[in-house]
Amino acid sequence: MLEFLRSSAVRVALAVGVATIVATTAIFGLVYLQIRAADEKSNRLILEDEAAKSVNHTVDELRYAFEIRLTHDLRRLDYAALFAADGKVMFGNIDELPPVALDGKSHFVAAFRVPGSENRVQPAIFVARPRPDGSIMLLGRSLLETFAFRRTVLTALATGLAPMLLLTLAIGAFFARRASRRLTAIHDTIAQIMKGDMHLRLPVRATPDAIDTISRDVNLMLDEIMRLLVQIKGVSDNIAHDLRTPLAVVHAQLERGLESPESDELRGAARQALGHIDKAMLTVAALLRLADVEYGPKSSKFQTIDLSAICADLFEFFEPLATSKSINMTLEVRSPVQIQGDGDLIREAVSNLIGNALKFTPENGTVRVSVTQEDGRPVIRVSDNGIGVEPAERDKIFQRFYRTASGHRVPGSGLGLSIAAAIANLHDFDLRFEDNRPGALFEMSGRRRP
Amino acid sequence: MTKVTSIARQTILLVEDEKDLANEIKLELERLGHRVRVASVAEAADAARVGDAAMLIMDRMVHGEDSLKTLEVLRKERVKVPVLVISALGSIDERVRGLKAGGDDYLTKPFAMAELAARVEALMRRLDDVRTTKLRVGELEMDLIEHTVHRGDTRIDLLPREFKLLEYFLRHPGQVITRAMLLEDVWQYHFSLETNVVDVHISNLRKKIDPRGAPSSLIVNIRGAGFMLDDDA
């Protein structure tokens, strides 16, 4: 229970409760004061108005009017009397002039003794006004009913506050408990996930509120972490496989060499072993390179570079290889296409694409390299009419170490496209595969600015 | 252009804190006829200052310390010893930093011993003949001013890149040249290639410079390492 009281949800509920009560009380108080003021004001105005109107009547007219008023209009006038200049009552229902100023203004008398009674007193207001003949006219109204009405209003308001207070606290406590229960559930789930149950997810309701939104974000984060975990596992499996194979071969070859009595045979085994170690080193170097591009500090060498010039240079570099394989290689470059980037990295990425295209294109095939500017975006395309990529393999070719079924026969680290994709990403470029029907088309293009 | 013998009496100082690797490098270079001493950064710097070092091979990080700082100091003192920086840090930025600090060449781990040996040879035999206007090996002559190549009286037409490639070989006759060295120095490509493009370029060059019907090429293959311009041809 103490923990419950200490929870932030409960504290918020209490604060809201207190604020509600203060606000309600203030509103009630204001309503009461307004009612009271309006009632009193109307009473005073009526009396003062009557007195002003009646002051010029003759004595007889006044007497008649008083009688009419006192007998027929009880609601507005309770007391009416005319006193002679010496203070003696001439007619009316009051014997004695109450202690009020004779100025035609209404005055409050807290305890006015009711005429014809010994000691009954009431609150009342009076207007006393001297007439031209020296006599004094007195009009009055009892405030007994008004006061009773005020008390009723006050009592009603006060009794309304108590349930209000209780209700507020109850609602606050209800929501606090519910919120804390949800937070506890989230806390427990996270604790379980941290213990290793990575498949659990935080509860999210159909109509999400703030907590659900955060829960959903956390769930998305967990999905991403899972994805990365799976990927890391896949990568380390691949690394293990790609390194284990040449190492095992090396081991076998050296053993065989040592067992043979001929030193020539040992030499041959050692030479073969070196070849396999070179392969392992190629893989390690490519892995380190990939890590460097992906996670290393962003290259400080970003400057204005011309993609057309870079591709033309690479074209010149690769063309002899194409010629030696009887592949028709073409270059389409119209004008300089300038970007901010690291020329060495872009060269590396494009050389991976061109190298791949040449690798997978048979004799008499075609490889095209083009650099264009489309909708203000730089686009490099490397396409061939070679064996292409099977539909099932298309989303896997950018994964580390992935080699297509046919690609396994071709030497390489299997990291070239991963490195190219990482370099593209570093430059806010996308690297996409498209079917060239037949063959492969790799498109490296600047991302649209959102 | 025979082997420079005076340098052989001097020692290559090797700064490398991985003992196994240091030992392998030492054995390999000794096998090639060099004298090698494994040294600390300070020892190597002192030897270089008094002219006792044929060249320095420095690991970038030695016992957690950046040896490039010492190299920078040496260069400020105008010590001209050739320096090969080796490092596990392979990014292009790191390479540029190594060369800026005064390294003459930069090699990233892991590397093949043949690669290291080729680079050491190239640095040891680097000649201060930048002002040379003609390079010659056997019958082949390159005029750097006229930008022409002749074999005897026959003029050989080369594409600009082929010219550069041949120039590189002519400047390093009798030395092992690796594919990585050619990529870096002729094409300025600082990445490894998984294709044999360089071999194709070399074979195209051979077709142009070798006399018709010659029994062997002027540029020979060195198994497991690269190529060499045969200066005895």
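In this predicted model, A:F317 has a relative accessible area of 1% and is therefore buried, since burial requires a value under 20%. B:Y189 is likewise buried, its relative accessible area being 0%. These two residues form an aromatic pair, with ring centres 5.0 Å apart and an angle of 85 degrees between the planes, an edge-to-face arrangement. A:F317 belongs to helix α7 of chain A (residues 307–324), whereas B:Y189 lies in the loop between α7 (179–186) and α8 (197–209) of chain B, so the pair joins two chains.

The pair is also part of a wider grouping. A:F317, A:F318, B:W187, B:Y189 and B:F191 make up one aromatic cluster.

In total, 26 residues of chain B contact 28 residues of chain A. About 2200 Å² is buried between the two chains, and carbon and sulfur atoms contribute 62% of that area. B:Y189, B:F191 and B:E194 provide 27% of the area that chain B buries against chain A, more than any other three residues.

A:D313 forms a salt bridge with B:R161, in which the closest N and O atoms are 2.8 Å apart. On the side of chain B that touches chain A, the elements giving two or more residues are α4 (92–100) and α8 of chain B. Of the elements on that side, α8(B) gives the most, with 5 residues. Sorted by class, this side of chain B comprises 13 nonpolar, 8 polar and 5 charged residues.

Aromatic pairing can also be followed within one chain. Over all chains, the whole structure contains 12 aromatic pairs. In one of them, the rings of A:F66 and A:F91 have centres 5.8 Å apart and planes at 65 degrees; because an angle over 60 degrees counts as edge-to-face, this pair is edge-to-face. A:F66 lies in helix α3 (residues 59–72) of chain A and A:F91 in strand β2 (residues 89–92) of chain A, so the pair ties together parts 25 residues apart in sequence. Both A:F66 and A:F91 are buried.

How values were computed: Residues numbered from 1 in each chain as written. Chains lettered and ligands numbered in written order. Predicted model: local features only at pLDDT ≥ 70, side-chain atom pairs only at ≥ 80, totals over all residues. Heavy atoms only, no water. Phe/Tyr/Trp six-rings, centres within 6.5 Å; stacked < 30°, edge-to-face > 60°. Helix = DSSP H or I, 4+ residues; strand = E, 2+ residues; numbered from the N terminus. Buried < 20%, exposed > 50% of the residue type's maximum accessible area, 1.4 Å probe, protein only. Contact = heavy atoms within 4.5 Å. Buried area = accessible area lost by both parts, 1.4 Å probe. Salt bridge = Lys/Arg side-chain N within 4 Å of Asp/Glu carboxyl O. Nonpolar A, V, L, I, M, F, W, Y, C, P; charged D, E, K, R; others polar.
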